Amino acid sequence: MKIAMVTETFFPSTNGVVTRLTHCIRWLTRQGHEVIVIAPDQGVGAFAGAQIYGIPSFRFFLYPNLPLSLPGRKVGKLLRAFSPDVVHVVNPAMLGAAGVWFGRRYPLVASYHTHVPQYADFYKLPWLKPALWGYLRLLHNRADLNLCTSEAVRGDLEARRFRNVRLWKRGVDPELFGPHRSSETMRLRLSGGEPEKRLLLYVGRLAAEKEIERLRDLLTASSGFRLAVVGDGPHRPELEAYFAGTGTVFTGFLHGTELAEAYASSDVFAFPSATETLGLVLLEAMASGLPVIAAASAPTREQVAEGTTGFLYEPGAADGLVRAAQPLQDGERLRRMGAEARAEASQLGWDEPSRQLLELYRQAILERELRRAGTLKRKRINKAANKNQ
């Protein structure tokens, strides 16, 4: 199969969307499928056997770490030259709008990964939410098939009149992430030289909507905690100022084995964001043998079992996080929960979500063929009716 992906973000950027795409592309190319990726230009021409076509990019002031591209005719030219069997537009918004416009002549899949309308509240633009939902619905409903990453988001999208929505299964790499990656050197680094304290870990983009500030409540409530923040983003300077004096360690981005060591060398994964569509970092932490303490959003509830693999708190409660964290002092309980988390996450991998994606592409192709056949049939009926008149 010839597969064209048009995505707002790709390697070497670091986020959950890129993680999912890169694993699936590796699997697809190993199976002999031909893949091209059209993405904001970052100077990378190929990945795992897939050709990358960079579109001129710019930096948006709210997200200077994330290159963005405007829609343009080059996307259409690349698609016509490649003549794909299916086009997959990932998170259509800017560049993806061109992917939808020019990709609709082919079987078309669109996938929804980011609750952009919810971010409007954090940037003091709540009046934009209805327009954002309307725009995203318009783009997605031009696709033959829409994908999302959790049942909660699927229900939300369907309630907002997104059509033909399917769940794209979650995955994690249990060989890369695991307790065997634990490192005393890494723990010393993350704990700021106090490895005997309970080490909390956050991994992800540093942005206002992630609500990372909430984690300071834990450090204020107990001197027995240390916090390490792995990642980068536009909100980092504000966070470093807010956590000044708490001993919090900011590492910037970590990748590969170094990231796996950070997970496995910590005690608890802390995830205060309530705006996620899934949160792959939760699965990476669980695969590493970490119990989770997280805001109780609907997608998070699909991954974290309260009292078994983690603790959930209501994000609207003023002292919810501190109360939920009380059992974190029990080291033996944390070890049991970490083992449960590892056992659950280690059953997952990336082969099954990748295999499912290929089947979803085939469904989109079939949907297009059936629609075309139905259109031809209607035309014949109308032609026959006009003759009879």
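Guide: The expected span of a helix is 1.5 Å times one less than its number of residues. Keep that rule in mind for α5. This is a predicted model.

Helix α5 covers residues 129–140, so 12 residues should span 16 Å at 1.5 Å a residue. The end C-alpha atoms of α5 are 16 Å apart, which agrees. Now take burial. Trp-133, Leu-136, Arg-137, Leu-139 and His-140 are the buried residues of α5. These residues cover an arc of only 160° around the axis, so they sit on the same side of α5. Pro-130 and Leu-138 are exposed on the other side of α5. What covers the buried residues? Two strands are among the covering elements: β8 (108–111) and β9 (145–148). Helices α3 (95–103), α4 (116–122) and α6 (151–159) are also included in that cover.

Asn-164 is in the loop between α6 and β10 (165–167). The phi of Asn-164 is near 50°, a positive value in a residue other than glycine. Asn-164 has a relative accessible area of 31%, so it is partly exposed.

Glu-211 belongs to the loop between β11 (198–203) and α8 (216–221). With a relative accessible area of 17%, Glu-211 is buried, because the cut-off for buried is under 20%.

Another backbone point concerns a proline. The peptide bond joining Phe-11 and Pro-12 is cis, with omega at about 15°. Pro-12 lies in the loop between β1 (2–7) and α1 (16–30).

Next, two loop residues with polar side-chain partners. Glu-276 is located in the loop between β14 (268–271) and α11 (280–287). Its relative accessibility is 11%, so Glu-276 counts as buried. The Glu-276 side chain makes a polar contact with the side chain of Lys-210 at 2.7 Å. A polar contact to the side chain of Ser-273 has a distance of 2.6 Å. Set aside the neighbours of Glu-276 within four places in sequence. Glu-276 is then in contact with His-115, Lys-210, Phe-271 and Pro-299.

Ser-265 is placed in the loop between α10 (256–264) and β14. At 2% relative accessibility, Ser-265 counts as buried. A polar atom of the Ser-265 side chain lies 2.8 Å from the backbone nitrogen of Ser-183. Beyond its neighbours within four places in sequence, Ser-265 touches Arg-181, Ser-182 and Ser-183, among others. Met-186, Arg-187 and Leu-199 are also in contact with Ser-265.

Helix α14 (residues 331–345) gives the largest share of the lining, four residues.

Notes:
Residues are numbered from 1 along each chain as its sequence is written. This is a predicted model: local features need pLDDT of at least 70, side-chain atom pairs count only at pLDDT 80 or more; totals for chains, interfaces and linings use all residues. Side-chain values use heavy atoms; hydrogens and water are left out. Buried means under 20% relative accessible area, exposed over 50%, partly exposed in between (1.4 Å probe, protein chains only). A polar contact is a pair of N or O atoms within 3.5 Å; within protein, one must be able to donate a hydrogen and the other to accept it, and residues adjacent in sequence count only if both atoms are side-chain atoms. Contact means heavy atoms within 4.5 Å. The arc is that of the directions from the helix axis to the C-beta atoms.
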